[in-house]
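I opened this structure for the first time today and kept notes as I went. The entries follow in the order in which I looked things up.

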Amino acid sequence: MDKYGKTIPNYHYEDLKIVSDLYKKSGLKNPAVIVDANHSNSNKQYKEQVRIAMDVMHNRKYNPEIRSLVKGIMIESYLKEGNQNISENYERGCSITDPCLGWEQTEKLLLDLYNKMKEIEEANAE
């Protein structure tokens, strides 16, 4: 959060590099980061989670320190897309808290992340 109370994303390449350098400086043996693709990083625009997750994977591909540091990506997901207020018209399977990716979006994202991870492993095996 900046001095004006505005939230600042922290998943970009430069942010992850700073965290990696700080962990190195502190002497931690097994530093780890899980990137939250929603909340402040997406400004609660839940569909942005897909772009953010793929951006993190791109950074993992090109920097071995970030690849070693980032152990996971957290996404907000539920059966149905979006969210709702609790009311008489409650729709089962739709979040009553944060807006979420729906099942189909989540499934596609997980498959895309898996394929990106395979691509990264293959590139590093060469």
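**Entry 1: the whole chain**

I looked up burial first: of the 126 residues of the protein, 31% count as buried (under 20% relative accessible area; exposed is over 50% and partly exposed is in between, with a 1.4 Å probe and protein chains only). I noted that this is a predicted model, in which local features need pLDDT of at least 70 and side-chain atom pairs count only at pLDDT 80 or more, while totals for chains, interfaces and linings use all residues. Residues are numbered from 1 along each chain as its sequence is written, and side-chain values use heavy atoms, with hydrogens and water left out.

I then listed the secondary structure, which comes to five helices and four strands (DSSP runs numbered from the N terminus, H or I of at least four residues for helices and E of at least two for strands). From the N terminus on, I read the order as α-β-α-α-α-β-β-β-α. The C-alpha atoms fill a box of roughly 55 × 40 × 20 Å along the principal axes.

I also checked contacts (heavy atoms within 4.5 Å). Of those with a separation of 6 or more, 59% come from residues 24 or more positions apart.

**Entry 2: helices α3 and α5**

I asked at what angle the axes of α3 and α5 cross. The axes of α3 (residues 48-62) and α5 (residues 103-125) come within 10 Å and cross at roughly 10°. The two helices are therefore roughly parallel to each other (angles under 35 degrees). On the α3 side I found Val50, Ala53, Met54, Met57, Arg60 and Lys61 in the contact, and on the α5 side Leu109, Asp112, Leu113, Lys116, Met117, Glu119 and Ile120.

**Entry 3: Thr106**

I found Thr106 in helix α5. Thr106 counts as buried because its relative accessibility is 5%. Its side chain joins that of Ser77 in a polar contact of 2.6 Å (a pair of N or O atoms within 3.5 Å, one able to donate a hydrogen and the other to accept it; residues adjacent in sequence count only if both atoms are side-chain atoms). Leaving out residues up to four places away in sequence, Thr106 touches Ile75, Ser77 and Leu101.

**Entry 4: Ser95**

I placed Ser95 in strand β4 (residues 94-95). Is Ser95 buried or exposed? Ser95 is buried, at a relative accessible area of 5%. A polar atom of the Ser95 side chain lies 3.0 Å from the backbone nitrogen of Thr97, and the side chain of Ser95 reaches the backbone oxygen of Asp98 at 2.9 Å. Beyond four places in sequence, Ser95 touches Tyr78, Gly82, Asn83, Gln84 and Cys100.

Terms used. Axes fitted to C-alpha atoms, helices over the stretch in contact; angles between N-to-C directions. Parallel < 35°, antiparallel > 145°, perpendicular 65-115°, else oblique.
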